[in-house]
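Subject: Handover of a structure

Dear colleague,

Please find the sequence and structure below.

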Amino acid sequence: MSLYAIGDLHLHYRSVLKAPGQLHGRVWKNHEEKFRKNCGKTVSDDDTLVLVGDHSWGKNLSECEPDLQYICDLPGRKILTRGNHDMFWDAKKTAQLNELYQPRLTFLQDSYEVYNDYALVGTKGFTFEGPFYLDRRGRIVGWDEKEEEHARKLVKRELERLRKSFELAKADGYRKYIMFLHYPPTNILEERSAFTDMAEEYGAEQVIYAHSHGESRFHDSIQGEYRGRIYRLVSGDYLKWKPLQLL
Ligand SMILES: [Fe+2]
Ligand SMILES: [Fe+2]
């Protein structure tokens, strides 16, 4: 029995692919087939696979149905968290999604799931991604302050959701946590953030995140051990479509 994670499948069986530049290239060619095969080799039916957002390009649930069906057909128990591209998933209507897909999929939002003696907690998270203003040498000399102000509000809301997830698990007696985000826990300006602080406050052993695609983005945030926790990037293209074993 093992716990695995991956993010950013960006499936598009029914929807029109409007991928930004970094989602093109060899690694994305037939990526869904590569991932299906890799899961078949590594994930068993008694394993748990956490998919940390950007599941589908679909604009609504009907466009996403074949993508969610693909995830249903993967081995193991599947837990999904929200990404910024998951238009089918209104956070306030998570209960309806769970009703539709239980027991095949679990949509985690304002709640937690159990893996052995661990509580799996999480939310989408948010990081400010600019625009940044650069000088001729490519050094950051400023950024869009309006956008940054907006980002602060989104971060605040996501922190409330994350705390709720932790608190529900804590109230039920859990003391060991794995924390899942879609966005990296820090933006490129930060060494630590309110998300890393919350991971430390509750003593999360691992912080798992995705969203960063393409070589140039893989090191936007923390990887490895940092202030007593392990940080892991699990975007699919970074993992070359092999789910990462967490436990
Ligand atoms: Fe993504
Ligand atoms: Fe994303």
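Two strands are said to pair if DSSP finds at least two bridges between them. Strands themselves are DSSP runs of E with at least two residues, helices are runs of H or I with at least four residues, and both are numbered from the N terminus. The model is a predicted one, in which local features need pLDDT of at least 70 and side-chain atom pairs count only at pLDDT 80 or more, while totals for chains, interfaces and linings use all residues. Residues are numbered from 1 along each chain as its sequence is written, and chains are lettered from A and ligands numbered from 1 in the order in which they are written.

Overall form

The chain contains 5 helices and 13 strands. Along the principal axes, the C-alpha atoms fill a box of roughly 50 × 45 × 30 Å.

The open sheet

Five strands form an open sheet in the order β4-β3-β2-β1-β13, with mixed pairing. Because β4 (105-107) and β13 (244-245) each have a single partner strand, they stand at the edges, and one side of each is left without a neighbour in the sheet. Within this sheet, β2 (residues 48-52) pairs with β3 (residues 77-81) in the parallel sense over 5 bridges, and Val50 stands opposite Ile79 in β3.

The unit around α5

A right-handed β-α-β unit is made by β9, helix α5 (residues 194-202) and β10. Right-handed here means that, with the strands pointing away from the viewer, the path from the first strand over the helix to the second runs clockwise. β9 (residues 176-180) and β10 (residues 206-209) are parallel, with 3 bridges, and Ile178 stands opposite Gln206 in β10. β10 also pairs with β12 (residues 229-233) in the parallel sense, over 4 bridges, with Val207 opposite Tyr231 in β12.

A residue counts as buried if 20 or more other C-beta atoms lie within 10 Å of its own, as exposed if 12 or fewer do, and as partly exposed in between, with C-beta atoms placed from the backbone. Which residues of α5 are buried? They are Phe195, Thr196, Ala199 and Tyr202. They lie on the same side of α5 because they cover an arc of only 135 degrees around the axis, the arc being that of the directions from the helix axis to the C-beta atoms. The face turned away from that side carries the exposed residues Asp197 and Glu201. The buried residues of α5 pack against α4 (145-171), β9, β10 and β12.

The core

A nonpolar core is a set of buried Ala, Val, Leu, Ile, Met, Phe, Trp, Tyr and Cys residues joined through C-beta atoms within 7 Å. The largest one has 54 residues, and Met179 and Ile208 are among those with the most contacts inside it. Contact means that the C-beta atoms of two residues, placed from the backbone, lie within 7 Å. Leaving aside neighbours within four places in sequence, Met179 is in contact with Val121, Gly122, Ala199, Ala204 and Val207.

Yours sincerely
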